[in-house]
Amino acid sequence: MVFNLVLYLLVGATAGFLGGLLGIGGGLLIVAALSFTLPALGVPASEVMHVSVATSLAGIVLIAAASTTAQLRRRAVMLPTLLRLAPGLVLGGFIGAHLAQLMSGSVLRWVIAGFCLFMAWRMAFGHQREVREEHMPTSTWLLPAGLGIGTVSAIVGIGGGSLTVPLLVTLGVKPVRAVATSSAAGLVIALASSISYMLALHAPTLPLPAGALGYVYLPAAAATAIASMITAQFGVRLAHRLSGPALKRMFAAFLLVVGVLIASGG
């Protein structure tokens, strides 16, 4: 248990740094780490991926809050764009958590791994429009886009940065502002989806260890969140010093590695 606690703190510290740097909240890293460690704590194999996803999202609530606070201080969050996305993000968070609970553990694992690999390719080779210095998308199409982002994010256990950042960059937003806005969007998604996983409309078929609330394993969620809040600010500082292409390459490499780790855990 002590080893796992230390591991969760290390994972949380890394996730917080990546959350500030890339706007992704580190959720995929947390899912990968939990999928390897939770069986040793007595989580049934059939429920490992569900608990990993739910716990990741619960931890992301504080991770995203720390990143968002740092970004708001720099006035980098595009609030008009966020307000257009938010209603869809909330609804999608509840829908995605519901759908994930209906999937088997093995199906959920491959969905998450496939998502990582696809987004790595998309971020590395996808088309980017010309960046406009103060462009803030406010199209009504951001609402259904938010619905899709929230749904997918709740299924794979992330704050949605791997979807929100490419979307905003494609719409012509500077990468650093896309990262900042995706941090705030991740907070909205994590709140909605983690509540849904805690309510557990489709209860686990087998009992979970003490400390679980619905599908959320609270000790791991707390440890990763606390560590991440300390390191998020350092990621934000570095993000404002790197070029857009450098951020994209780091983002793609991160997703590729995590996708392979999650797939190999099956």
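Biologist: Axes here are lines fitted to C-alpha atoms, for helices over the stretch in contact, and angles run from 0 to 180 degrees between N-to-C directions. At what angle do helix H4 and helix H6 pack?

Modeller: This is a predicted model, in which local features need pLDDT of at least 70 and side-chain atom pairs count only at pLDDT 80 or more, while totals for chains, interfaces and linings use all residues. Residues are numbered from 1 along each chain as its sequence is written, and side-chain values use heavy atoms, with hydrogens and water left out. Helix H4 (residues 79-102) and helix H6 (residues 142-156) pack at about 35 degrees, and their axes are 6 Å apart. Helices (H or I, at least four residues) and strands (E, at least two) are DSSP runs, numbered from the N terminus.

Biologist: Is the crossing of H4 and H6 left-handed or right-handed?

Modeller: Right-handed. A crossing is right-handed if the near helix is turned clockwise from the far one by less than a right angle, and left-handed if anticlockwise. The residues of this contact divide into 14 nonpolar, 8 polar and 1 charged. Ala, Val, Leu, Ile, Met, Phe, Trp, Tyr, Cys and Pro count as nonpolar, Asp, Glu, Lys and Arg as charged, and the others, Gly among them, as polar.

Biologist: New topic. How many aromatic pairs are there?

Modeller: The count is 2. Rings of Phe, Tyr and Trp (its six-membered ring) pair if their centres lie within 6.5 Å; planes under 30 degrees apart are stacked, over 60 edge-to-face, and the rest tilted. Phenylalanine 118 and tryptophan 121 make a tilted pair, at 6.2 Å centre to centre with 35 degrees between the planes.

Biologist: Why are phenylalanine 118 and tryptophan 121 about one helical turn apart?

Modeller: Because they are 3 residues apart in helix H5 (residues 105-125). Phenylalanine 118 is partly exposed at 48% relative accessibility, and tryptophan 121 is partly exposed at 49%. Buried means under 20% relative accessible area, exposed over 50%, and partly exposed in between (1.4 Å probe, protein chains only).

Biologist: And which pair is edge-to-face?

Modeller: Tyrosine 197 with tyrosine 215, at 6.4 Å centre to centre and 85 degrees between the planes. Tyrosine 197 is in helix H8 (residues 175-199) and tyrosine 215 in the loop between strand E1 (212-213) and strand E2 (216-217), so the pair ties together parts 18 residues apart in sequence. Both tyrosine 197 and tyrosine 215 are buried.

Biologist: Back to H8. Is serine 182 buried or exposed?

Modeller: Serine 182, in helix H8, is buried at 1% relative accessibility. A polar atom of its side chain lies 2.9 Å from the backbone oxygen of valine 179.

Biologist: Where is threonine 224?

Modeller: In helix H9 (residues 218-239). Threonine 224 counts as buried because its relative accessibility is 1%. A polar atom of its side chain is 3.1 Å from the backbone oxygen of alanine 221.

Biologist: What does threonine 224 touch, leaving aside neighbours within four places in sequence?

Modeller: Threonine 224 is in contact (heavy atoms within 4.5 Å) with Tyr8, Gly12, Ile30, Gly59 and Ile63.

Biologist: Last one. What is phi of arginine 75?

Modeller: Near 55 degrees, a positive value in a residue other than glycine. Arginine 75 is in the loop between helix H3 (48-73) and H4, and is exposed at 74% relative accessibility.

Note on methods. Polar contact = N/O pair within 3.5 Å; in protein donor to acceptor, adjacent residues only side chain to side chain.
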